[in-house]
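I set out to look through one structure and to write down what I found. The entries below follow the order in which I looked things up.

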Amino acid sequence: MKKFIVLDTEATNTGMENSRDIAQGAQVYDMGYIIADASGATYIERRFIISDVFCNVSLMESAYYADKIPTYHAALAAGEATMVTLHEAMATLRADIREHDVNTVWAYNARFDRTALNSSVTTASNGWATWALPYGVKWCDILQFARTTICNTKKYKAFCEANGYLTKTGRPRHTADMVGKYLHGDEYTEEHTALQDARDELDILLACMRRKKKQPKRFN
């Protein structure tokens, strides 16, 4: 069965102010990914804390979830994460892609992870490299898939309305946290650490796949 990757990143809030894309210029400090297939079998789980960014105090002050920094130190001490340079993390990712013949990387709101990783690679290489993924490997968005499957049902809409999970305009919210609550119960909360979020997002992706609907278009 064809394998794919589900990947999540946590990054600094250093996006370029004059860019519409808030991830443009952001620097990844936590990257987690899982190699899996549509049956739900998993082959590899990895979590990297990126030393280039994590050890930079001023950069980490702008991290979206800077309050979680103590949990990263605990994870490193427990061997639940590995601290490496971005170069080392990307070399491992590319090696895993080659070994498992992966050509699709899924992420929730994939354009953020794509842009943040590309920005990180550009910064770490002083502009020598600008693309995180190898040639021919493309991104695909779990959020977009969820919108056309899980979130496009009367049950999901009723769930959001009953629990007040609505946007300012009164529409059901489609965040990974909301979809996770729908699938697992209201006690579910997205952790906002890369590997655990990748696990949760794999669960959402598999739920989408089981609905046998057209998958979103892949992109570079």
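Predicted model: local features only at pLDDT ≥ 70, side-chain atom pairs only at ≥ 80, totals over all residues.

Entry 1: I began with the strands. Strands of a sheet pair through backbone hydrogen bonds, either parallel or antiparallel. I found an open sheet of six strands with mixed pairing, in the order E4-E3-E2-E1-E5-E6. From one strand to the next, the twist averages 30°.

Entry 2: I then looked at strand E5 (residues 104-107), which runs parallel to E6 and is joined to it by four bridges. Which residue in E6 is the bridge partner of valine 105? I noted tryptophan 139.

**Entry 3: helices on the sheet.** Helix H4 (residues 86-99) lies across E1, E2, E3 and E4, and I recorded an angle of about 170° to E3. Helix H9 (residues 194-209) also packs on the sheet, where it touches E1, E2, E3 and E5. The direction of H9 makes about 135° with that of E1.

**Entry 4: aromatic pairs.** A pair of aromatic rings is described by the distance of the centres and the angle of the planes. I counted eight aromatic pairs. One of them joins phenylalanine 54 and tyrosine 72; this pair is tilted, with 5.8 Å centre to centre and 55° between the planes. Phenylalanine 54 belongs to helix H1 and tyrosine 72 to helix H3, 18 residues apart. Both residues are buried.

I also examined tyrosine 156 and tyrosine 182, an edge-to-face pair with 5.2 Å centre to centre and 75° between the planes. Tyrosine 156 is in helix H7 and tyrosine 182 in helix H8, so their pair ties together parts 26 residues apart in sequence. Is tyrosine 182 buried or partly exposed? Tyrosine 182 is partly exposed, because its relative accessible area is 23%, whereas tyrosine 156 is buried at 0%. Tyr156 and Tyr182 share one aromatic cluster with Phe159 and Tyr165.

**Entry 5: charges over rings.** Lysine 3 lies over the face of tyrosine 43, 4.3 Å from the ring centre. The charged end of arginine 111 sits over the ring of phenylalanine 219, at 3.9 Å from its centre.

**Entry 6: a loop residue.** Last, I looked up threonine 149, in the loop between helix H6 (142-148) and helix H7 (154-163). Threonine 149 counts as buried because its relative accessible area is 4%, under the 20% cut-off. Beyond its neighbours within four places in sequence, threonine 149 is in contact with Cys208, Arg211 and Lys213.

Terms used. Residues numbered from 1 in each chain as written. Heavy atoms only, no water. Helix = DSSP H or I, 4+ residues; strand = E, 2+ residues; numbered from the N terminus. Buried < 20%, exposed > 50% of the residue type's maximum accessible area, 1.4 Å probe, protein only. Contact = heavy atoms within 4.5 Å. Phe/Tyr/Trp six-rings, centres within 6.5 Å; stacked < 30°, edge-to-face > 60°. Lys NZ or Arg CZ within 6 Å of the ring centre and 35° of its normal. Pairing = 2+ DSSP bridges. Axes fitted to C-alpha atoms, helices over the stretch in contact; angles between N-to-C directions.
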